[in-house]
Amino acid sequence: MAGGGSGDAKSRSILIAGAGPVGLTAALELARRGFVPRIVDDGPGPTPIEESRALGVNARTLTLLSPSGVAERIVEAAQSIDRFRVRSNGRMFFELDTKQVGGRFSAIRGLAQGHTERLLMEALSAYGITPEWQTGIVAGAIADVKRPEVALRHPDGRTETVRPNILIGADGAHSAVRKGMGAGFPGEALEAYFYLVDFRYAGQIDTHFAEVSIFDPGMIGRLPIAADVIRYISTLEDFESRIVHPAVVAERTWASHFRIHFRHVEPMAKGNVFLAGDAAHIHSPAGARGMNLGIEDACWLAWLIAEGREQEYSGLRIPAVKQVLKQTYGLTRLITMANPLAIAARNLFAPLLLRLGPVRRTLLRSVAGYDTPRPPWIDWAE
Ligand SMILES: Cc1cc2nc3c(=O)[nH]c(=O)nc-3n(C[C@H](O)[C@H](O)[C@H](O)COP(=O)(O)OP(=O)(O)OC[C@H]3O[C@@H](n4cnc5c(N)ncnc54)[C@H](O)[C@@H]3O)c2cc1C
């Protein structure tokens, strides 16, 4: 059924597993087109603000969340990142002005994932839809992907069997829906670990730039999260001793470490079961693309469902996913290299290349997320 869907299409039952940023976006984009999806999550609530993984919200995400009004709220709440700098052993490698990307939005802004989730939930609640927390999809094979049947476990231990017309798995990297479909998650894990720490400062700090400092070997990234909070992320276990604090530290709010995987599922759908976000693809945080790419999946899927063209979803998304994975893989290799010869070549050639206008523009467009196909349902230029 084409052309925005009929009343019939909108009465199709839709179950979304996972109320992270991707599941919430799918619910919101469906709700604003007249659908009434059900959204469940086995966790107790949205991501605690202090434990947010994703911080970078790119311009493409703001384009996508403009029709729902969420983009405007994100712009109000987020830190505007005007400059993106790379330093090597203290020397400035290059600096990009994020506003030079053109269009309505600068390339990237900083906002804690937990905050983004709350803004999405607020917009969703205007349609009378609230995530059902502590309600998880029970792992198990989905026998008929055309008319999927899944069991939900409620907080009181009760189990409910549901047979939605459409099942969306936005249930993260360990997705029960993906496993239930019998899909693999091929790819690789890097040897390297990434370490992160968030500091809240007592004094005035400059939050208008993001920076990557490259050492030989290793790196430390610096990204503002709030007016008084900065995240540092590194490949070096002992990186905290190298941080040059911009003001007096008031609190070390969060620290964590994780191993990097590059994996994606193909196809991203079987029958009427669809995968979006980390359930479908995971990669390194270099480039801040993970949540943004997942939000893009959710928006495309909702639009295709409304158009009655959801069977095109996987074919349309896979090229974008592969491109972002390839690019973040290259970027991650570049910042984690340990071979002295390779480091010397990088340090010699990267600054020369980055003096070239087309190279800078390409880099900026990818930070903005403009390197994947434009959403055809949004008619203004980005
Ligand atoms: C250190 C770090 C930094 C990052 N920085 C960025 C960044 O700056 N920008 C960016 O775009 N991305 C970033 N990412 C990636 C980003 O965090 C993820 O891509 C994003 O959280 C994916 O969203 P999601 O909704 O797909 O999955 P998740 O956020 O993992 O949400 C999945 C939800 O599903 C629920 N769930 C799980 N199992 C079930 C079940 N069986 N039934 C029901 N619900 C279930 C979970 O409780 C959870 O709420 C970063 C990642 C890391 C590790």
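**Rings, charges and a ligand**

Guide: The charged end of Arg222 lies over the ring of Phe209, 4.0 Å from its centre. A charge sits over a ring if NZ of Lys or CZ of Arg is within 6 Å of the ring centre and within 35 degrees of the ring normal. Arg178 likewise lies over the face of Phe185, at 3.7 Å from the ring centre. This is a predicted model, in which local features need pLDDT of at least 70 and side-chain atom pairs pLDDT 80 or more, while totals for chains, interfaces and linings use all residues. Residues are numbered from 1 along each chain, and side-chain values use heavy atoms, without hydrogens and water.

Visitor: How many aromatic pairs are there?

Guide: Rings of Phe, Tyr and Trp (its six-membered ring) pair if their centres lie within 6.5 Å; planes under 30 degrees apart are stacked, over 60 edge-to-face, and the rest tilted. The count is 8 aromatic pairs. One of them, Phe199 with Tyr232, is edge-to-face, with 6.1 Å between centres and 65° between planes.

Visitor: Are Phe199 and Tyr232 buried or exposed?

Guide: Buried means under 20% relative accessible area, exposed over 50%, and partly exposed in between (1.4 Å probe, protein chains only). Both Phe199 and Tyr232 are buried.

Visitor: Which residues are closest to the ligand?

Guide: A residue is near a molecule if one of its heavy atoms lies within 4 Å of it. The ligand is surrounded by 28 residues, the closest being Asp41, Gly56, Ile137, Asp278 and Met291. A side-chain N or O atom of Asp41 is 2.6 Å from a ligand oxygen atom, and one of Asp278 is 2.7 Å from a ligand oxygen atom.

Technical notes
Polar contact = N/O pair within 3.5 Å; in protein donor to acceptor, adjacent residues only side chain to side chain.
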